[in-house]
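Here are my notes on the model you sent.

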Number of protein chains: 4
Amino acid sequence: MSSWQDSYKLLADQLTDRGVNVEQVKALLKAQRIETPSWGYGDSGTRFKVFAQAGAARTPFEKIADAAQVHRFTGVCPSVALHIPWDLVDDWGELQGYAESLGMTLGAINPNLFQDDAYKLGSLANPDHGVRLKAIAHVLECIAIAETVGSDIISLWLADGTNYPGTDNIRSRKAHLEQSLREIYQSLPARQRLLIEYKFYEPAFYLTDIPDWGTAYALSLKLGQRAQVLVDLGHHPQGTNVEQIVGFLLAENKLGGFHFNNRKYGDDDLTTGSINPYELFLIYNELVDATRDPSLRQDVAYMIDQSHNVKPKIEAMIQSVMQIQEAYAKALLVSRDELTGYQVEGAIVEGEECLRSAYQTDVRPLLAQVRAEMGLDPNPLAAFRAGGYQKEIAAGRGRSDGGSGYQGA
Amino acid sequence: MSSWQDSYKLLADQLTDRGVNVEQVKALLKAQRIETPSWGYGDSGTRFKVFAQAGAARTPFEKIADAAQVHRFTGVCPSVALHIPWDLVDDWGELQGYAESLGMTLGAINPNLFQDDAYKLGSLANPDHGVRLKAIAHVLECIAIAETVGSDIISLWLADGTNYPGTDNIRSRKAHLEQSLREIYQSLPARQRLLIEYKFYEPAFYLTDIPDWGTAYALSLKLGQRAQVLVDLGHHPQGTNVEQIVGFLLAENKLGGFHFNNRKYGDDDLTTGSINPYELFLIYNELVDATRDPSLRQDVAYMIDQSHNVKPKIEAMIQSVMQIQEAYAKALLVSRDELTGYQVEGAIVEGEECLRSAYQTDVRPLLAQVRAEMGLDPNPLAAFRAGGYQKEIAAGRGRSDGGSGYQGA
Amino acid sequence: MSSWQDSYKLLADQLTDRGVNVEQVKALLKAQRIETPSWGYGDSGTRFKVFAQAGAARTPFEKIADAAQVHRFTGVCPSVALHIPWDLVDDWGELQGYAESLGMTLGAINPNLFQDDAYKLGSLANPDHGVRLKAIAHVLECIAIAETVGSDIISLWLADGTNYPGTDNIRSRKAHLEQSLREIYQSLPARQRLLIEYKFYEPAFYLTDIPDWGTAYALSLKLGQRAQVLVDLGHHPQGTNVEQIVGFLLAENKLGGFHFNNRKYGDDDLTTGSINPYELFLIYNELVDATRDPSLRQDVAYMIDQSHNVKPKIEAMIQSVMQIQEAYAKALLVSRDELTGYQVEGAIVEGEECLRSAYQTDVRPLLAQVRAEMGLDPNPLAAFRAGGYQKEIAAGRGRSDGGSGYQGA
Amino acid sequence: MSSWQDSYKLLADQLTDRGVNVEQVKALLKAQRIETPSWGYGDSGTRFKVFAQAGAARTPFEKIADAAQVHRFTGVCPSVALHIPWDLVDDWGELQGYAESLGMTLGAINPNLFQDDAYKLGSLANPDHGVRLKAIAHVLECIAIAETVGSDIISLWLADGTNYPGTDNIRSRKAHLEQSLREIYQSLPARQRLLIEYKFYEPAFYLTDIPDWGTAYALSLKLGQRAQVLVDLGHHPQGTNVEQIVGFLLAENKLGGFHFNNRKYGDDDLTTGSINPYELFLIYNELVDATRDPSLRQDVAYMIDQSHNVKPKIEAMIQSVMQIQEAYAKALLVSRDELTGYQVEGAIVEGEECLRSAYQTDVRPLLAQVRAEMGLDPNPLAAFRAGGYQKEIAAGRGRSDGGSGYQGA
């Protein structure tokens, strides 16, 4: 029986023949870091139904324990993003100590500005000054938590918007939002960055206050260098060229980070790479390409944010990390000088085939080798399943009642 | 001060001059019927948050009481659609009696095939035979309820679908769905119709088993004459010409009914006519046009189904009914013979202006007159507000906790 | 027989009762200005077919003559946008003199950077330096023409983009584009403005160099105050809230102008207001609202740019102007203080109904009165038809061969 | 240096280990047939510009010569679709003889019902009876040509539709279209099939008479067994699950054939697989899956129809064929029994990974081996380039003037 080692050996030879520095590629793959979100380990669903899973995490401690499993089998996910107040604890030192005991750190802090009754008409853009102050105070609380736990990223997603024409004044909302953000930015410690997320629509259905990268970019310009844009892959109109947005923001030093996921329709929050893996590759192609320009900042935060409602939570996360690793690995195999040559000549078919050649490569043996060299099982998904953790938590934690945001009986 | 009566008199004169039979138009407007849904009076929200409203209805009785308010002020909404099991009661006679005491009847019965844990992979199209049987049994239960309460419509919306490639076999699901529907149809009493709703996506995000009118139509053909298609205005891909679907189904005697609402993005479930009132007019233009062909069935059921999360429930419903009345009134004013003349000549600008002329007409005085002749206040929204009912229920029923389908703390 | 005068009188009374200053509204409607494009009077079509029209304009002189007809019957369209080289003439004085003899002036100059074989991979963003220089030179030529004919607007639409991944480097293209624009802006005389148009896609089908308002806005920021954004209503992804973009740009003093048209799918280039007139009203609502803030620039250029392929050219233009007048008139009737009150209170239904009330108003009698006071026929479309001009040009100019595609030189 | 033969050997071993019958897979790949269109070898473009290519084919003979090159290097493209009247010749025997001399046959006949001035308001659905008769006559002419040249497929794409509300009556158009199709179908010889293509929009921008698969399917049901649906991959609303449509039509014996291409926005007509190759794989997954059901018809016609405007025509066609071969090869590697097992269990991650495993496989060595066994060069694109044909035709045929728009007669 031939093995992945045979495949790796042959692939490494062929890549070397083509001029690829395989050792360097492996080193970069080992250095890749992807943050997973605490809320990705708990139950989630649609407005119609939450299908509760046996063993879904219920507390910040359980979420970190689950995230540690993802890191244990992939080796590239040592941090966990937190959502406040979902992950609020009395003793941050205890949570941090628990994380460290599992080889984990606490990552981006995500304020929740959409689940308080006060936010019906928005949070930072609310027409009511009192509500805006409340929202600002919550973000400042999150900044303090970040200070406490040693995190340097505030991930700001606003659900702010309106559902009907006439509900509020467009220019007033813009002014309110800018003023609120200025107050927040003034309180931002020097080591923290504020990542401003945009979203085309939902939960606001007529007007969303930060609907596109252009708005997030304009806001980040007004604030300063530590304000950057957060690109969530599912938050675009159909047909959007996301890799172009990534390239634009990289060139402007305004790409703060990613929320990885995939979608077919709206913000479906499906697992990363599940619908259009070629697009994910093209995004990584921009990221790798930008590393060639030493004048650019290289501080992009790579985070998963998806709502894998019907997949087993930890497995779905491992699967997503593997998709991201594959996209990065393929992007690292692109012959950049050759590609540039085709582009200068205007050789359209050749340029595309140059990209396609990297994309067509089966990088699984390469990643298996990387994992083996990192002391990991070459197949993280199989290894996790074999480990018995899922059964353990299913038995130990049980299953919640589910429920739904929609009309309940 | 000039009054709406002055406006009506002038409008009636001008319409009469143009050859419109104003009395007939008013008679048709008085005969219009729009069913409101029980679930439109309870709290609703997005996956992120339910903003609970003071006084939101909690029981079938409260929902009927609220619907009766809409009928009281509009005069055209005497029936209420029910959702099972949300509206399940022990004694249907009691509920029916209560409705009748308020001048109301019970309308379409809507089975719920999406909130049971068994339905994670679908209901009527589930790969598991046992789950399909369970789902069929529920629809048969709904048919029995319809018999009991004297309703003749089963409104079938399926959330069935999958989120990822590979989850199930596309042709198997189709076969399963068809077999399930055949079993249901065989049990359908002769006086009942089965309306099959389609939806482009959500809550399924990769494959929806009945994603478009074509699928619903094909299924209805396989079943028989009492199976028809239900058109929910928000369930189409962007750019869809909905009035064309309406015209097609009318010509085939396969338009069973509507779920009225509006959307800007996905299935936003905004109130009817709030985003594109011209489209609503063009849909009514097809409906009015089809009444000229005596060979066509005229049994379209007009129902509202929207998720006016942030608007006061009863006001939003009255507002929606008024939008529908306006669209219908304008469609009744189209000079059909003149329009046909332009169409035969290929006079594109003239044909469009003929439609536009009806649409541009301010029909509010006409509807005020219709209401006055029906013994109603000419302004239903103002009259409802003046009536004090909203304050009464807000005080009497209180406000629920809200909550959300999403990650809860 | 009741007349439009009766309707106007009643409307004026009712508006006055509501506190509207009818004389001021009429004054604003008389002062409205809408520029029509020379190329809107020639044959146009899709990639599949041009249906040639008898009498379609073939020369700049004929185009201006046709535009003068639109002005003659509407009174608000005294200028014509030119496209270079389509409208290139040897003697600009002669063309300008001809225009003046018809009461017309020459308006925005539109460089053509998409019909030269050199532009296969782009113009200002082309990877080849020589091609970029050629494109820059063409824009400078257009700037010189603008100087000559007394125009103060350069309308820049780029077809630049690529069709396939790999064709060119995203960040290089961005750098090239910025450099080209900087060179152009440096040559822009003080009295001219550079309006940068964006377009989501087409004719580039993978990557468009200026795909959205965010890119155009970012470019305009880099250039300076006389660089602004041009909003073409058909150039957005489905679902985009265009009035929000308008409000944002107004607040930033970066809204340079409009290209009016409408679409249902892609960049359909249908006549203005034909698909979603409510959206057009909401856009004008932002424009009127912004006039209340004296700190904002009020130099928006209102231009029509549509491809009414199958409608008679001049009639289609008059019809479009009338749609725009109606949207503006309705926006002027919005009770702004009342609306603000509802917005501050968070009265969602009331706020929407406040807008709807203005939109529902039949403003045709008001516009008829405005026209009568301007010495025009109250019905421009009927008056133009009665004038016999169309027959005259059909006979005098004949019909071209058609062919397929867009307006060619 | 390791070679593709080494890769093939290792892959074949691994596949065999997994239970794949590699010889059978190769046999199926050798038997694959893809038809290329004559018009894919001539100049094409957008409404804005045609970038003429040196050597682009100008006559049916040149087009067949070019198509023969694609077949020569791929071995799977022995037939050419014709477009009438673009490919009209006086002597069909001569054209057929020429094709046969190059090892080619004439394939599907495509009537042109969109480039005559009469068709401004449609062809088979035109409100004018005379125009409908003219259109029917043209299709009958195409049927006769098909008889003459031994083709058994009529590929019917209609540009029929309207641009504005009011232009024509929706139900009348439907009735006219059905009547026209019935007359055509009655004249269809027993050996011919009528494939009805649908398209969401363009060139009609408000209403398209056959906008979706549902309409094409309904029409094919009314006609009979030899009427089937033609799926053009670019003719769907954004977000459409095309593989589901394919599965539905296969299950109904109504999938007549494909027009392969790809798109990111509208009907971009990009080369097959260039934007979302995973979707192409999922479509082939349905096709392969359906071969397991012996009760289903297996007469799908695989045709390319794309508008590779800026790519060299013949290279683009070879590249597209290779993409299709890769998608098919990967679909053949799916472990169907294993997949079914996961689906029955509801194992979502496992089912997806089963598909992904086949998709991730680098099938280029397998296809190289297939080609070698067919006596072809393992790399068709490189071999074609090395052959010198392109230079030859560039020199011999020259370059046209370009212009704007689509392939004209």
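1. A cut-off comes first: two residues are in contact when heavy atoms lie within 4.5 Å. By that rule, 100% of the interface residues of chain C are also interface residues in chain A, so the copies meet through the same surface. Keep in mind that this is a predicted model.

2. How many residues of chain C are in contact with chain A? On chain C the number is 53, and they touch 53 residues of chain A. About 4100 Å² is buried between chain C and chain A. Carbon and sulfur atoms carry 59% of that area. Three residues stand out on the chain C side: C:Arg171, C:Gln244 and C:Gln343. They supply 17% of the area that chain C buries against chain A, more than any other three residues.

3. Polar contacts between chain C and chain A come to 21 residue pairs, both partners at pLDDT 80 or more.

4. Which elements of chain C give two or more residues to the side that touches chain A? The helices are α6 (170–186), α7 (213–223), α8 (242–251), α9 (277–290), α11 (336–345) and α12 (348–360) of chain C. The strand β7 (207–208) of chain C is also listed. α7(C) gives the most, with 7 residues. By class, this side of chain C has 24 nonpolar, 15 polar and 14 charged residues.

5. The geometry of this pair is simple. A rotation of 180° superposes chain C on chain A, with 0.0 Å of shift along the axis and an RMSD of 0.0 Å. Which residue of chain C comes closest to the rotation axis? C:Gly214 does, with its C-alpha at 2.0 Å.

6. Chain B also packs against chain A. Here 48 residues of chain B are in contact with 48 residues of chain A. Chain B and chain A bury about 5000 Å² between them. Of this, 59% is on carbon and sulfur atoms.

7. The chain B and chain A interface has a count of 8 salt bridges. In one of them, the side chains of B:Arg47 and A:Glu202 meet at 3.0 Å, N to O. The side of chain B that touches chain A has 22 nonpolar, 12 polar and 14 charged residues.

8. What rotation superposes chain B on chain A? The angle is 180°, with 0.0 Å of shift along the axis and an RMSD of 0.0 Å. That is the relation of a two-fold axis. Of the interface residues of chain B, 98% are also interface residues in chain A, so these copies meet through the same surface.

9. Next, a single chain. Chain A has 15 helices and 10 strands. Its radius of gyration is 22 Å, close to the 22 Å that the globule rule gives for 409 residues, so chain A is as compact as a globular protein of that length. Along the principal axes, the C-alpha atoms of chain A fill a box of roughly 65 × 60 × 40 Å.

10. Some backbone details deserve a look. Most residues other than glycine have a negative phi, and most peptide bonds are trans. The bond from B:Ile84 to B:Pro85 is cis, with omega near 20°. B:Pro85 is in the loop between β2 (79–84) and α4 (92–101) of chain B. Another cis peptide bond joins C:Glu202 and C:Pro203, with omega about 10°. C:Pro203 is in the loop between β6 (193–197) and β7 of chain C.

11. Where is A:Asp269? A:Asp269 lies in the loop between β9 (255–260) and α9 (277–290) of chain A. It is not a glycine, yet A:Asp269 has a positive phi of about 60°.

Methods:
Residues are numbered from 1 along each chain as its sequence is written. Chains are lettered from A and ligands numbered from 1 in the order in which they are written. This is a predicted model: local features need pLDDT of at least 70, side-chain atom pairs count only at pLDDT 80 or more; totals for chains, interfaces and linings use all residues. Side-chain values use heavy atoms; hydrogens and water are left out. Buried area is the accessible area (1.4 Å probe) that two parts lose on being put together, summed over both. A polar contact is a pair of N or O atoms within 3.5 Å; within protein, one must be able to donate a hydrogen and the other to accept it, and residues adjacent in sequence count only if both atoms are side-chain atoms. Helices (H or I, at least four residues) and strands (E, at least two) are DSSP runs, numbered from the N terminus. Ala, Val, Leu, Ile, Met, Phe, Trp, Tyr, Cys and Pro count as nonpolar, Asp, Glu, Lys and Arg as charged, and the others, Gly among them, as polar. Copies are superposed by least squares on the C-alpha atoms of residues with pLDDT of at least 70 in both. A salt bridge is a side-chain nitrogen of Lys or Arg within 4 Å of a carboxyl oxygen of Asp or Glu. The radius of gyration is taken over C-alpha atoms; the globule rule is 2.2 Å times the number of residues to the power 0.38.
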